[in-house]
Amino acid sequence: MGTFIGKHHKYSVAVREPGMKNVDMALATEKAIQFIKPQVVLLVGIAGGVKDVKIGDVVIAGSAFNYDSGKETEHGFLARPAEYHFSEDLLAHAQVLSRSPAWKKRTSDGAPGASVLIGPIASGDKVVAGTNNPTFERITQNLSHIKALEMEAGGFGRTVQSHRHLHALVIRGISDMCAGKAETDQQNWQPVAAERAAAVGFEMLEEMNCSTFIISVMDAKMLAKEIYSLLFPLPESIREIKNDFAGATNNEVREIWKRVKPLFIEEIGELAKSPEDADAQADVRNKLKKELEGKEEVREELAALVEKAKASGHNTSISVVNSKNVVAGSTISVGGDFRLGDG
């Protein structure tokens, strides 16, 4: 583990070397996620080039196919390759990086003639050391658009797709072109390709402002308080429960209510009977806090909705129609006749 300081963030970086094959990669990735609890995960290493690349280039995977997936029939193997997609936010930064040679300054040789390309790759548990074999022929027949071939991205993709809050990406340096693999290995291209992939990864960390797409997950207590204040800024707002906030001027408020309503339905019912009761208010907040504890992905989704609701300029969801009095200082949307209270 170590620290890397970029333009926008100070990163805590943990490096894990899991070895080859998709199953091993999947197990190692899940273990690392549970232990480290990262927000950005990069799979960095080498691959064999297949199409529109050359040795020394770097490929950033928009998606990864597991070419081993399929069905054996009496007529032969019927390919059904599973596809795993990676973070659209990281890919957007990768697009920008691919047009700049800045990453090359991080390499020992300046990476002359090397390019960064973005496209799909294929992954399986075989070392494909040539192009004149059934496996390579099957891959190119069923996945004619892939740029590179390797052995871990399938397991990595399968694991990270189960953690929706993660931003994951695969970066591969091209160390050979499948054909003539033994010769290029002897030319020492593997460490060169690995270094270039790492250079691209750290250049991304250097330039990225992760705050544009990563929302810090609030603890359960703070999030419960934020949600309560958003939904019920005034005792009178508890009446909106009856129509599920249909009159809310904020779409995010309606979505928040839809997601949290089942979590504390009994406590909300008691609060509706006595909106001014401080104990009933506390019971609602405490029940929501308890339900959100240990559910990081749910908290992240709700926190994102809360931030959007607040950013829209509405601190409450109430839509008051034909009311004579409105509390001064509130941001209630009002229709009909009204006047500000005397304070």
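Guide: Let us look at helix α8, whose face turned away from its buried side carries the exposed residues Asn-251 and Lys-258; exposed means over 50% relative accessible area, buried under 20%, and partly exposed in between, with a 1.4 Å probe and protein chains only. This is a predicted model, in which local features need pLDDT of at least 70, side-chain atom pairs count only at pLDDT 80 or more, and totals for chains, interfaces and linings use all residues. Residues are numbered from 1 along each chain as its sequence is written, and side-chain values use heavy atoms, with hydrogens and water left out. Helices (H or I, at least four residues) and strands (E, at least two) are DSSP runs, numbered from the N terminus.

Helix α8 covers residues 251-260, and Val-253, Ile-256, Trp-257 and Val-260 are its buried residues. Seen down the axis of α8, these buried residues fall within an arc of 100°, so they line one face of the helix; the arc is that of the directions from the helix axis to the C-beta atoms. What covers the buried residues of α8 includes α7 (220-231), α9 (265-273), α10 (278-292) and α11 (296-311), where contact means heavy atoms within 4.5 Å.

As for confidence, pLDDT is the predictor's confidence in each residue, from 0 to 100; the mean pLDDT of the protein is 83, and 88% of its residues reach 70 or more. Over residues 314-343, pLDDT stays under 50.
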